[in-house]
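Hi,

Here is the structure I promised to pass on.

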Amino acid sequence: MHLLIFYVLGFFAVFAAVSMVTARRPIISALFLILNMLCLAGFYAQLDAHLIAVLQVMVYAGVIMALVLFVIMLLNIGEKRGIITRHRITLQVIGMSLLAVVMVSIVGLFNAEVMPGVKEPAPDFGTVKAVGRILFTDYLLPFEIASILLLAAIVGAVILSKRKV
């Protein structure tokens, strides 16, 4: 049963990712991104990391996507025409190629470490205590960098959307 759920979630995750990249309207693309994040939450739930699954839905599919939709509407991207619409296919192929290279690099990097000695996860895997301990000790710097990048993106979107006087 777990394998069937995995394949169904995998199919919808890949479908949502491809549809997100190929969608013509940015709002539709953002909605496909939400579907992809919901599939990721399903993957986390299958791994018995229920806290991370709930956080995925609440934080990313909820708050972050509301922020992304707000920025898209603030910038009024759907009305603009330019290099993005003229060279859409070329930019999509370049973007997907770069994504494939990054994903293969990441899988190759972690494959060497994870595969030889695969072991069971810790008993407190996915609990609030374990996630908090790891997030605020080992991954504190990347966590803070991500928050600063999000703040910079919001400020940039507001500055770009201002009309010149």
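**What I found**

Let me start with Asn36, which is buried, with a relative accessible area of 14%. (Buried means under 20% relative accessible area, exposed over 50% and partly exposed in between, using a 1.4 Å probe and protein chains only.) Before going on, bear in mind that this is a predicted model, where local features need pLDDT of at least 70 and side-chain atom pairs count only at pLDDT 80 or more, while totals for chains, interfaces and linings use all residues. Residues are numbered from 1 along each chain as its sequence is written, and side-chain values use heavy atoms, with hydrogens and water left out.

Asn36 sits in helix α2. Helices here are DSSP runs of H or I with at least four residues, strands are runs of E with at least two, and both are numbered from the N terminus. Setting aside neighbours within four places in sequence, Asn36 touches Ala13, Ala16 and Ala17, where a contact means heavy atoms within 4.5 Å.

Phe32 is also part of α2, but this residue is partly exposed, at 21% relative accessibility. With neighbours within four places again left out, the contacts of Phe32 are Phe15, Ala16, Ser19 and Met20. Phe32 and Met20 are 12 residues apart along the chain, and their C-alpha atoms are separated by 5.1 Å.

As for the overall fold, the protein has 7 helices and 0 strands, so you can read the pattern along the sequence as α-α-α-α-α-α-α. Of its 165 residues, 19% are buried. Among contacts with a separation of 6 or more, 63% are between residues 24 or more positions apart.

**The loop and helix α3**

Between α2 and α3 there is a loop that holds Asp48. Asp48 is not a glycine, yet it has a positive phi of about 65 degrees. Is Asp48 buried or exposed? At 54% relative accessibility, Asp48 counts as exposed.

Helix α3 covers residues 50–75, which is 26 residues, and spans 36 Å from its first C-alpha to its last, close to the 38 Å expected at 1.5 Å a residue. (The expected span is 1.5 Å times one less than the number of residues.) There is a kink of about 30 degrees in α3, centred on Met65; the bend at a residue is the angle between axes fitted to the seven residues ending there and the seven starting there.

Met65 is one of the buried residues of α3, which also include Ala53, Gln56, Ile64 and Leu69. What covers the buried residues of α3 includes α2 (26–46) and α7 (140–161). Gly62, also in α3, is partly exposed at 30% relative accessibility.

**The largest pocket**

The largest pocket holds about 1,400 Å³ of space. Its lining has 27 residues, and the closest to its centre are Tyr44, Ile52, Val131, Leu135 and Tyr139. The elements giving two or more residues to this lining are α3, α6 (128–135) and α7.

A pocket, on a 1 Å grid over the protein atoms alone, is an open set of points where a 1.4 Å probe fits, with protein on both sides within 12 Å along at least five of seven lines; lining residues have an atom within 4 Å of a point. The lining divides into 21 nonpolar, 4 polar and 2 charged residues. Ala, Val, Leu, Ile, Met, Phe, Trp, Tyr, Cys and Pro count as nonpolar, Asp, Glu, Lys and Arg as charged, and the others, Gly among them, as polar.

Cheers

Technical notes:
Grid points are joined across faces, edges and corners, and a volume is the space filled by probe spheres set on the points.
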